[in-house]
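Dear colleague,

I am handing over the structure we spoke about, and my notes on it follow below.

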Amino acid sequence: MKVTVVGAGAVGASCAEYIAIKNFASEVVLLDIKEGFAEGKAMDLMQTASLNGFDTKITGTTGDYSKTAGSDIAVITSGIPRKPGMTREELIGINAGIVKEVSSNIVKHSPDVILIVVSNPMDTMTYLASKVTGLPKHRIIGMGGALDSARFKYRLAEALEAPISDVDGMVIGGHSDKGMVPLTRLATRNSVPASEFISEERLMQVMEDTKVGGATLTKLLGTSAWYAPGAAVSGLVQAIACDQKKIFPCSVVLDGEYGLSDLCIGVPVVLGRNGIEKIVEINLDAVEKAKLAESAEGVKATNALLDA
Ligand SMILES: NC(=O)c1ccc[n+]([C@@H]2O[C@H](COP(=O)([O-])OP(=O)(O)OC[C@H]3O[C@@H](n4cnc5c(N)ncnc54)[C@H](O)[C@@H]3O)[C@@H](O)[C@H]2O)c1
Ligand SMILES: O=C(O)C[C@H](O)C(=O)O
């Protein structure tokens, strides 16, 4: 199993590290445009192999896509991150050009690849990569919902005063401060609805804290987060590589599912060796449906900037 990670910055390196530590891939290729950067990150990570007990071979390259040839999975993390006070959507001007160039180079060298897009604004970058590459929709996946759901569970565990392993929850919709739809009605503690343990008001606070999870960290760190994003990407890569058939909310091309089409937005999917093996249409109530529709409007408005 060969995995390419484009962008050896904070998220790309974290993602490569988690993939290696989980020890399921034979090879990870890091690619960056900054001279020597990916090679340096790869060497540093390889020097953790004997300490962390993995056999994955990590190599780095400065812009040589021939080294990525034959990748089964490629992750795009190249692009600028936001600074405190910015929205993800403000990154589109620079990141669209990067994602366009990178996605077409990857597919040129790995025509059978499954592509995972991370660069922001992620739903729009996934849509762009889908248009640029023409990949079938089961092989193009945007990562956002897995991270947002992990943050939702973190906030739920905090509110419920429960261990994280006891709570479950999912976030669908666009990966944006306003567009996320944490499904509070379906959140549980060990199969019992979370609403049986905490007030509606506290649950709404959990929802709001989840939606601004990325912005909160950006304010604290001065740049956006990388550990949880890297771990979330590695979860998707592992589900595909190991044919796990796990459900994750991912940004995928919709073609009528959830009443939406001609966009990429976060919905639950089954991930396995073929990429997206099924889009799972869960029964949303009227409020959730309205929130998802509003989120889709926001994503479409950002997509429209691609043509501007
Ligand atoms: N979808 C998500 O959940 C999620 C989570 C975290 C970060 N992000 C996004 O991921 C992106 C990367 O964040 P980061 O913190 O790792 O940034 P970073 O600046 O640390 O790393 C980005 C790397 O991309 C490289 N790069 C730029 N142009 C390139 C090109 N054309 N080809 C190859 N490499 C190129 C840069 O040299 C840099 O090393 C940002 O857009 C950020 O908003 C998304
Ligand atoms: O918040 C960001 O800009 C980065 C990423 O999308 C995140 O949610 O951590």
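Of the 308 residues in the chain, 48% are buried, and this, like everything that follows, refers to a predicted model. The chain holds ten helices and 14 strands; its radius of gyration is 18 Å, close to the 19 Å that the globule rule gives for 308 residues, so the chain is as compact as a globular protein of that length. The C-alpha trace spans about 55 × 45 × 35 Å along its principal axes, and 68% of the contacts between residues at least 6 apart in sequence join residues at least 24 apart.

An unreviewed UniProt entry lists Arg82, Arg88, Asn120 and Arg151 under "binding site", and I looked at two of these positions in turn. Asn120 lies in the loop between strand S5 (114–117) and helix H5 (122–133), and it is buried, because 26 other C-beta atoms lie within 10 Å, where 20 or more are required. Leaving aside residues up to four places away in sequence, Asn120 touches Gly79, Arg82, Arg88, Leu91, Asn95 and Met125, and Arg82 and Arg88 are themselves listed in that entry.

Arg151, found in helix H6 (residues 145–160), also counts as buried, with 24 C-beta neighbours inside 10 Å; with the same exclusion of residues up to four places away in sequence, it touches Thr210, Gly213 and Ala228.

By contrast, Ala286, in helix H10 (residues 286–304), is exposed, with 7 other C-beta atoms within 10 Å, and its C-alpha atom is separated by 32 Å from that of Gln244, 42 residues apart along the chain.

Best wishes

Technical notes. Residues are numbered from 1 along each chain as its sequence is written. Chains are lettered from A and ligands numbered from 1 in the order in which they are written. This is a predicted model: local features need pLDDT of at least 70, side-chain atom pairs count only at pLDDT 80 or more; totals for chains, interfaces and linings use all residues. Helices (H or I, at least four residues) and strands (E, at least two) are DSSP runs, numbered from the N terminus. The radius of gyration is taken over C-alpha atoms; the globule rule is 2.2 Å times the number of residues to the power 0.38. A residue is buried if 20 or more other C-beta atoms lie within 10 Å of its own, exposed if 12 or fewer, and partly exposed in between; C-beta atoms are placed from the backbone. Two residues are in contact if their C-beta atoms, placed from the backbone, lie within 7 Å. UniProt positions are given in the numbering used here, feature names are shortened, and annotations may be inferred rather than shown by experiment.
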